[in-house]
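Visitor: I'm new to reading protein models. Can we walk through this one together?
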Amino acid sequence: MRRLLVTGGAGFIGSNFVHYWLDRHANDRVLVLDALTYAGNLANLEPAKTNANFRLVHGDICNGELVESILREQAIDTIVHFAAESHVDRSIVGPDAFIQTNVVGTHALLKAARKIWLGSEKQLQTHRFHHVSTDEVYGSLGPNDPAFTETTPYSPNSPYSASKAASDHLVRAYHHTYGLNVTTSNCSNNYGPYHFPEKLVPLTIVNILLGKPLPIYGDGRNVRDWLHVTDHCRGIEAILERGRVGEVYNIGGSGECENIDLVHRLCEIADHLFAADASLRHMYPSSPAAQGRASKDLISFVKDRPGHDRRYAINAMKSRTELGYAAKVQLSAGLRDVFTWYVNNASWWRAVMDGSYREWVREHYSM
């Protein structure tokens, strides 16, 4: 039986991991530590609240004393570290929060884990600190460059990716210097349920439903490798169960797609769903699809953001050969599923889109 501490477990990927783990590991205990900032949402964890093996603690990963007490009192043997500031646009406008959470916060967790797991207080023969990172630490690829591998040199281009790169190095250092049992995963762009609607996929879906402009940076030809969040959870599970301590594993979705193509796909899904289901036209009357028009008419190109990386692509061969991992959800099917989820969960995304969020979108995605 594992006792997991999941940091950032009320966020998008973290909450999906909590549900995934509780569903598949019924005897394990899962404690979530989350500061409940703008992207942390208690509603994301609603399905877990009735599970006796689930517990939520509202707190900051930078609070070393709190983390130590959780590790000690709950006999935690596994940390899965999701907590991070993760939106590139926000890091450009306000990088300080990214350094604080992603660098200082990760270091606070590592110090607490070292003290409780390796220090004089308690020695665990089995423990694991799994650090969830991003492919953005590797920088940007050209159109014909090979995909990122675990040995690709780091070359972060935004305050966000630089802060994640720094945290990756800290995790590695605590393994090589102090002997902490660590693993790291670098994933490609996630999409799925509970995704905060400032990122491309949920923003596009919500704006289609509301009949709002679909902002596309630059020429829209930036390429990302899309990974369904369930496949990401499966990858982390494989690392925890079969990964070698001290190793890094890339988790990709084998779903490279230009941003403009991704938005066109979502527009086509919307048009098809509205044509097939008359009730949607009553639920979302402002959507072009409800009026018999093409959703793609909402597309609007906006000024590119500074330092916008051109292409990311993940080579996940190490995960395949060592862990037996491969993404299962094809992008076309995954996008249809997530669009349907947002259609059926309007109360969720309307609740998170408060006034401050709408103001932020207006400021940073001005037409």
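Visitor: Is His81 buried or exposed?
Guide: His81 counts as buried, because its relative accessibility is 1%. Buried means under 20% relative accessible area, exposed means over 50%, and partly exposed lies in between (1.4 Å probe, protein chains only).
Visitor: Is this an experiment or a prediction?
Guide: This is a predicted model: local features need pLDDT of at least 70, side-chain atom pairs count only at pLDDT 80 or more, and totals for chains, interfaces and linings use all residues. Residues are numbered from 1 along each chain as its sequence is written, and side-chain values use heavy atoms, with hydrogens and water left out.
Visitor: Where is His81?
Guide: His81 sits in strand 4, residues 78-81. Helices (H or I, at least four residues) and strands (E, at least two) are DSSP runs, numbered from the N terminus.
Visitor: Which residues is His81 in contact with?
Guide: Contact means heavy atoms within 4.5 Å. Leaving aside neighbours within four places in sequence, His81 is in contact with Thr7, Ile61, Thr106, Leu109, Phe129, His130, His131 and Val132.
Visitor: New spot. Where is Ala294 found?
Guide: Ala294 is in the loop between helix 9 (278-283) and strand 12 (299-302). Ala294 counts as partly exposed, because its relative accessibility is 24%.
Visitor: Which residues does Ala294 touch?
Guide: Asp271 and Pro288, not counting residues up to four places away in sequence. As for Arg336, its C-alpha atom is 17 Å from that of Ala294, and the two residues are 42 apart along the chain.
Visitor: How many disulfides are there?
Guide: The count comes to zero. The rule asks for a pair of cysteine sulfur atoms within 2.5 Å.
Visitor: On to cores. Which residues touch the most other members in the largest nonpolar core?
Guide: That core has 38 residues, and Val201, Ile205, Leu209, Leu266, Phe339, Tyr342 and Trp349 touch the most other members. A nonpolar core is a set of buried Ala, Val, Leu, Ile, Met, Phe, Trp, Tyr and Cys residues joined through side-chain atoms within 4.5 Å.
Visitor: Which elements give two or more residues to this core?
Guide: Helix 6 (200-210), strand 8 (214-217), helix 8 (259-276), helix 11 (331-344) and helix 12 (346-352). Helix 8 gives the largest share, eight residues.
Visitor: Which residues is Leu209 in contact with?
Guide: Leaving aside neighbours within four places in sequence, the list is Phe274, Tyr284, Ser286, Ser287, Phe339, Tyr342, Val343 and Trp349.
Visitor: What about a second core?
Guide: A second, separate core has 30 residues, including Phe54, Val80, Val132 and Val229.
Visitor: Which residues in helix 11 are buried?
Guide: Leu331, Gly334, Leu335, Val338, Phe339, Trp341, Tyr342 and Val343 are buried there.
Visitor: What should the 14 residues of helix 11 span?
Guide: They should span 20 Å, and the end C-alpha atoms are 20 Å apart, which agrees. The expected span is 1.5 Å times one less than the number of residues.
Visitor: Last topic. How many salt bridges are there?
Guide: The count comes to 13 salt bridges. Each has a side-chain nitrogen of Lys or Arg within 4 Å of a carboxyl oxygen of Asp or Glu.
Visitor: Show me one inside a helix.
Guide: Glu68 and Arg72 meet in a salt bridge, 4.0 Å from N to O. They are four residues apart in helix 2 (residues 64-73), so about one helical turn separates them. Glu68 is buried at 17%, whereas Arg72 is partly exposed at 37%.
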